[in-house]
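Good morning, everyone. Please have a look at the chain on the screen, and then I will walk you through it.

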Amino acid sequence: MSGLMKLLLVEDNPAMQATLQRSLSRQGMDVVACGDGAQALLKWASFHPDVVLLDLTLPGMDGLQLLQQARASGRTTPVLILTARGTVGDRIIGLNTGADDYLPKPFDLDELEARVRALARRVGARVSADSETSLAPSLGNLRHDQQSGAIYCRDQVMDLAPRELALLQALLARPGHAVSKERLFDHVFPGAENVQYEAIEVVVYRLRKKLAHSGVTLVTLRGLGYLLKVAP
């Protein structure tokens, strides 16, 4: 990652927003802040942040709705949720919606900075690992939009969960070639703890069903991994 880290801060409390923007800017980050979900979606699309800090309690569209819409549109930017709603149930809902990390309020600013940098490093490492090949622009009826990261099937954005999207992107990086289960696991569950290795098989199963009429086939190669090829 070159230049300043770009951070989108979505926080509706003016005092908290100002404090976080000032603190993170002092740490050498380029911080753009906004206080509502609709505005955040627009800034997410135009600013192309490296990490999004997202409060859940927002006017109009709440944080989970915002995250759901962003993921549905193909935006894979890592998201760190900041919220006073710190129960285990809220945390699970946020992570299942597509968040990458969760920090309940009140929190320590040094811990926040460390988590933001860890998320950015994780994505940077993933990009570097896959940099030898870019995603195929099209395969069968699938088309990859390089600007948004979304995958289209017959000109319709595919309705993919974040992990399904990550899996499909990893496979599209090497169409017609086997990708090991280990590599796919690292791509789909980056930095995950307490996640069973077999969880990748669940994501493969779900993605395979969504590819039923896409003109491509997700093939299991025992002992080698998985590959994506044009359907016969």
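Let me start with a term. Two strands pair if DSSP finds at least two bridges between them.

Now a case of that. Two bridges join β8 to β9, and the two strands run antiparallel. Y152 stands opposite V157 in β9.

A word on where this comes from. This is a predicted model, where local features need pLDDT of at least 70, side-chain atom pairs count only at pLDDT 80 or more, and totals for chains, interfaces and linings use all residues. Residues are numbered from 1 along each chain as its sequence is written, and side-chain values use heavy atoms, with hydrogens and water left out.

First, the overview. The chain has eight helices and 11 strands. Of its 232 residues, 43% are buried. Buried means under 20% relative accessible area, exposed means over 50%, and partly exposed lies in between, with a 1.4 Å probe and protein chains only. Contact means heavy atoms within 4.5 Å. Take the contacts between residues at least 6 apart in sequence: 57% of them join residues at least 24 apart.

Back to β8 and β9. They belong to an open sheet of four strands, in the order β6-β7-β8-β9, with antiparallel pairing. What are the edge strands? They are β6, residues 138-139, and β9; each pairs on one side only.

R154 sits in the loop between β8 (151-153) and β9 (156-157). Its phi is near 50°, a positive value in a residue other than glycine. R154 counts as exposed because its relative accessibility is 53%.

H48 also deserves a stop. Its phi is near 50°, again positive in a residue other than glycine. H48 lies in the loop between α2 (37-47) and β3. Its relative accessibility is 37%, so H48 counts as partly exposed. For background, most residues other than glycine have a negative phi, and most peptide bonds are trans. P106 is in the loop between β5 (101-104) and α5 (109-129).

Next, strand β1, residues 5-10. Five of its six residues are buried, leaving the strand mostly covered. Six bridges join β1 to β2, residues 29-34, and the two run parallel. L8 stands opposite V32 in β2. Four bridges join β1 to β3, residues 51-55, also in parallel. Here V10 stands opposite L54 in β3.

What do β1, helix α1 and β2 make together? With α1 at residues 14-26, they make a right-handed β-α-β unit. Right-handed means that, with the strands pointing away from the viewer, the path from the first strand over the helix to the second runs clockwise.

Now L80, in strand β4, residues 79-83. Is L80 buried or exposed? At 0% relative accessibility, L80 counts as buried. Leaving aside neighbours within four places in sequence, its contacts include V52, L53, L54, Y102 and L119.

Last, the helices. Helix α6 spans residues 162-172. Nine of its 11 residues are buried, so α6 is largely enclosed by the rest of the structure. The axes of α6 and α8 come within 9 Å and cross at roughly 80°. That makes α6 roughly perpendicular to α8, a label for angles of 65 to 115 degrees. The contact is made by R163, E164, L167, L168 and L171 of α6 and I200, V203, V204, R206, L207 and K210 of α8. Axes are lines fitted to C-alpha atoms, for helices over the stretch in contact, and angles run from 0 to 180 degrees between N-to-C directions.

Helix α8, residues 199-210, also meets α7: their axes come within 10 Å and cross at roughly 85°. That makes α7 roughly perpendicular to α8 as well. K181, L184, F185 and V188 in α7 meet I200, E201 and V203 in α8.

In α7, residues 181-188, the residues L184, F185, H187 and V188 are buried. They cover an arc of only 165° around the axis, which puts them on the same side of α7. The arc is that of the directions from the helix axis to the C-beta atoms.

How values were computed:
Parallel < 35°, antiparallel > 145°, perpendicular 65-115°, else oblique.
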